[in-house]
Amino acid sequence: MKETLAALYSLQQLDTALDTIKRTMATMDPGKRERVAYDVAKQAHTVAEQHLHSVQANIRDTELEQKSVETKRANEEKLLYGGTVRSPKELQSLQQEVEMLARQRATLDEKLLEHMEALAGAKQAEAETRHAHKATAIALKAKQEEYKQNGEVLTQQGRELFAQRKQAQSPIPPDLLQQYEKLRSANGGIAVAFIIDGTICDGCRMKIPGALITQLKETSRLLHCDNCRRILVYYKA
Ligand SMILES: [Zn+2]
């Protein structure tokens, strides 16, 4: 029975270590904060990029409009000063047309200037958000790598403990093993408690009566803590 008790105790230690690994894995951070920062930075860069493209498109459109107005004006001026048109009415109409085109050109010049000013800011915003996006991508990748590596280490440790557990439970009779599992699930994972300082149950921290301590020392029967019902172990081996 002493061997069985020792086996139960080592099984308990292995299960406690396995539980710790499970808990650690469950609380491991896969980079939630880094993921949020990355998503936000990515979105900001997309917006800045779209804005830059729209400013660039505005510039192209305005330059095309300028060209078309200039071509029209050159043609009208050719007619106006070319000497082929002689009717004063027609000449006056051409003159008005040329003036209107000149005003259009001036408006387009102003518009282009505004677009150019917007371009500098848009380029800067695109560059800044691009760099921020890249930085958050690097941070996220590093965190994910760390998470993966830690996970692999813990998984490996878990595998080793599990193999040891299989060995540790082999000398324990099935009905006792069942009792152990029941106690474990009812007592926060701890079914076997060691006596600390010669009198205290390590499971519930209550003092064990002297008579029970004497029994523990002398018999090899399975004894339970009166308070928490855990299996008590006086000698570790
Ligand atoms: Zn107890």
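The following dialogue examines how several descriptions of this predicted model are reached.

Tutor: Residues are numbered from 1 along each chain as its sequence is written. In this predicted model, local features need pLDDT of at least 70, side-chain atom pairs count only at pLDDT 80 or more, and totals for chains, interfaces and linings use all residues.

Student: Why are H2 and H3 called roughly antiparallel?

Tutor: H2 (32-81) and H3 (88-169) pack at an angle of about 160 degrees, with their axes 6 Å apart. Angles run from 0 to 180 degrees between N-to-C directions, the axes being lines fitted to C-alpha atoms over the stretch in contact. Angles under 35 degrees count as roughly parallel, over 145 as roughly antiparallel, 65 to 115 as roughly perpendicular and the rest as oblique. H2 and H3 are therefore roughly antiparallel.

Student: What makes Arg 205 exposed or buried?

Tutor: A residue is buried if 20 or more other C-beta atoms, placed from the backbone, lie within 10 Å of its own, exposed if 12 or fewer, and partly exposed in between. Arg 205 has 11 C-beta neighbours inside 10 Å, and therefore counts as exposed. Arg 205 lies in the loop between strand S2 (200-201) and helix H5 (210-218), and its phi is near 65 degrees, a positive value in a residue other than glycine.

Student: How is Arg 229 classed, and on what count?

Tutor: With 16 other C-beta atoms within 10 Å, Arg 229 is partly exposed. Its place is in the loop between H5 and strand S3 (231-233), and the phi of Arg 229 is near 70 degrees, again positive in a residue other than glycine.

Technical notes
Helix = DSSP H or I, 4+ residues; strand = E, 2+ residues; numbered from the N terminus. Expected span 1.5 Å × (residues − 1). Contact = placed C-beta atoms within 7 Å.
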